[in-house]
Amino acid sequence: MIPLQFVTAFLLIFMGIYAFLHKRNLIKLILALNIINAGIHLLLISLGYRLENGVLPTAPIYTGYETLKGTPMVGPIPQALVLTSIVIGVCVLALAMALTINAYKHYGSLDINKLRRLRG
Amino acid sequence: MNLLPFLIIVPLFGAFSMPLISFLGKRVRDMWAVVISAVTLGIAINVFYTIWKTNQIIVYTLGDTTPLGKGVSFPIRIVWEVDLLGALIAVTIAFVSLLAIIYSLEYMKHDTGLDKYYTLILILELGMLGIVITGDMFNFYVFLEIMSIASYALVAFRNDTWEGIEAGIKYMFVGSLASSFILLGVALLYGQYGTLTMAYLSQYITREPTFVSKVALAFILCGLLFKSGAVPVHMWLADAHPAAPSSISAMLSGLVIKAGGVYAIARILFSVYSISLNIRTLGWIIIFFACLTLIVGNAMAVVQTDMKRLFAFSSVGQIGYILLGIGIGLAAYGTDVGHVALAGAIYHTVNHAIMKALLFLVAGAVLHEVGTKNLNELSGLARRMPLTSFAFLVGAAAIVGMPPLNGFASKWLIYESSALYNPFLAAIAILGTAFCTAAYIRVLFTFFGKESEKVKVAKDPGKVMIVPMVLLIIAIIIMGLLPWQINDSIMLPTARMLEESGEYVLAVLGG
């Protein structure tokens with residue numbers, strides 16, 4: 001059976017893509033991009049969180065105690081990846097907001113369809 | 001000593017020390033940018049020469065001497081892995097970036113916030129260098145995003161004009177969606193195989209190519225085709241490349257769509273997925289997009305009235321040739337035809353970087369001196385700007401594929417291999433070149449036509465802008481005079497090294 005987190009992750013991703021294709025407001029497009037990214041982050045995190053022999057894994061802090069008790073840890077790599085990806089996402093978000101503010105100054109509108117002066 | 005890590009360290013240090021250095025004055029800041037990029041070029045040439053001489057892949061592990069973990073036989077660290085292809089593209093990147101930085105010393109003189117400009121341009125360079133030297137999927141994604149964010153910011157650098165902002169926003173939204181697709185592909189691969197090292201991943205995929213790995217490939221390819229500007233999704237390129245400052249256009253068109261697009265496609269298809277999938281079908285998918293890109297890109301270039309936009313569409317068309325070479329190289333894997341096609345694609349990648357950089361620098365010089373890039377207002381430029389017009393003549397002849405210049409050899413390899421593989425593809429390729437010729441002849445007639453009002457006071461730009469153009473012309477002519485020697489000694493070994501994915505795996509995992 002497919003774990004519920006995976007279904008949720010893909011739902012989020014497709015929700016984001018739908019919003020990205022159908023919305024016209026720049027702020028909503030930025031939100032759509034963030035929803036897509038959130039879906040991918042959820043997917044990555046849940047990849048590391050697997051039930052082993054029906055035991056819930058603990059946080060990936062290695063103290064030596066875990067091996068004694070026999071409880072598994074969640075995979076630390078996906079968490080590192082998501083952390084990196086969140087930082088990148090924040091950079092993109094900040095730049096997108098800055099560009100949106102500038103676009104509003106030049107065009108007086110946040111509608112993506114109004115940004116149509118470049119053609120040829 | 002292994003100089004490879006300094007390929008990243010030097011531009012990174014240069015970029016983030018730039019705001020401090022700029023307190024010392026404008027002249028010091030300019031010199032610092034040039035020195036840093038020159039040192040990077042030196043390191044890139046050294047790395048390339050080492051690999052070319054020994055014919056061995058360089059592997060560098062971050063934080064350790066061996067990629068393998070202690071007591072286990074699989075890699076657990078981030079690995080940088082450079083073969084000839086990576087090193088060759090790295091040299092091209094460092095060379096064109098150095099010239100773009102020298103050019104912008106004069107071109108950007110009247111702009112403000114130049115310390116941020118040089119910081120961003122060095123970050124762009126470092127992102128591209130990172131992409132070509134990395135051997136780890138997630139590290140690849142991180143460098144791709146470093147490159148992309150720097151290029152979004154640089155396209156919108158002149159934020160007092162609507163042009164830059166609009167192009168920046170379009171580029172940013174499309175590019176971020178593409179990056180998300182790539183991240184999704186990387187996440188799926190990690191979920192399926194539990195590793196991110198390309199070499200180790202390749203071993204797994206060859207052993208059991210599952211459905212998930214194919215879906216991941218579809219997402220990654222989709223994202224990379226977005227980034228390289230292949231045809232159904234090329235519209236952002238035609239907006240973003242002309243709107244950027246010309247030195248940046250030269251880097252975007254010459255380098256970014258290659259390092260972050262074509263190079264990455266070749267690396268993922270040949271080294272990571274190697275020959276585990278149905279390579280014939282995969283090759284034909286790439287060929288399909290290539291033919292579409294080739295025709296549409298070159299045909300759209302003919303009808304443009306804006307010079308930089310024409311060059312941008314021509315870039316789309318040339319990406320088509322490179323993709324055609326890669327596609328045939330994949331579909332005819334293991335035969336001589338495929339080998340030659342791949343060598344042609346690699347050769348054309350390097351050639352196009354040099355030619356298109358030259359053309360955009362010419363467009364920048366015209367824009368700087370005359371103040372317009374509309375072709376209808378620029379007729380008769382040749383008498384007033386002789387050096388610039390000569391540079392344009394060389395660049396245009398090279399990109400069309402005239403025999404004594406470098407474009408001829410690479411295009412010939414692609415025509416030859418496509419004719420041998422399937423004559424229909426060769427017909428399409430030649431049709432594309434016909435459109436390309438028409439577009440450039442049109443610009444040529446504009447340059448040498450009757451003198452218009454606007455160009456009466458124009459003159460050649462200053463020395464600092466001429467020098468990079470002259471260096472690019474020299475590179476074009478030298479590469480044009482020795483086409484087959486370069487092909488035999490560099491391009492064919494590079495193609496062979498890319499094709500033999502087994503060596504790529506062995507270099508990390510050991511005998």
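Trainee: Which residues of chain A does the UniProt annotation "transmembrane region" cover?

Mentor: According to the unreviewed UniProt entry, the annotation covers residues 6-22, 29-49 and 80-104 of chain A. Such annotations may be inferred rather than shown by experiment, and their positions follow the numbering used here. This is a predicted model, in which local features need pLDDT of at least 70 and side-chain atom pairs count only at pLDDT 80 or more, while totals for chains, interfaces and linings use all residues. Residues are numbered from 1 along each chain as its sequence is written, and chains are lettered from A and ligands numbered from 1 in the order in which they are written.

Trainee: What makes up the chain over residues 6-22 and over residues 29-49 of chain A?

Mentor: Residues 6-22 of chain A are 100% helix and 0% strand, with end C-alpha atoms 24 Å apart. For residues 29-49 of chain A the figures are 95% helix, 0% strand and 31 Å. Helices (H or I, at least four residues) and strands (E, at least two) are DSSP runs, numbered from the N terminus.

Trainee: How many residues does the contact take from chain A and from chain B?

Mentor: Chain A gives 27 residues and chain B gives 31 residues; two residues are in contact if their C-beta atoms, placed from the backbone, lie within 7 Å. On the side of chain A that touches chain B, the largest share, 13 residues, comes from α4(A).

Trainee: Why is α15(B) called mostly covered?

Mentor: A residue is buried if 20 or more other C-beta atoms lie within 10 Å of its own, exposed if 12 or fewer, and partly exposed in between. By that test 11 of the 15 residues of α15(B) are buried, so the helix is mostly covered. Among the buried residues are Phe392(B) and Ile399(B).

Trainee: How do you know that the span of α15(B) is close to the one expected?

Mentor: The expected span is 1.5 Å times one less than the number of residues. α15(B), residues 386-400, has 15 residues and reaches 21 Å from its first C-alpha to its last, close to the expected 21 Å. After α15(B) comes Gly401(B), whose phi is positive, near 105°.

Trainee: What makes a set of residues a nonpolar core, and which residues touch the most other members of the largest one?

Mentor: A nonpolar core is a set of buried Ala, Val, Leu, Ile, Met, Phe, Trp, Tyr and Cys residues joined through C-beta atoms within 7 Å. The largest has 239 residues, of which Ala90(B), Leu324(B), Leu358(B) and Ile476(B) touch the most other members. α13(B) gives the most to this core, with 22 residues.
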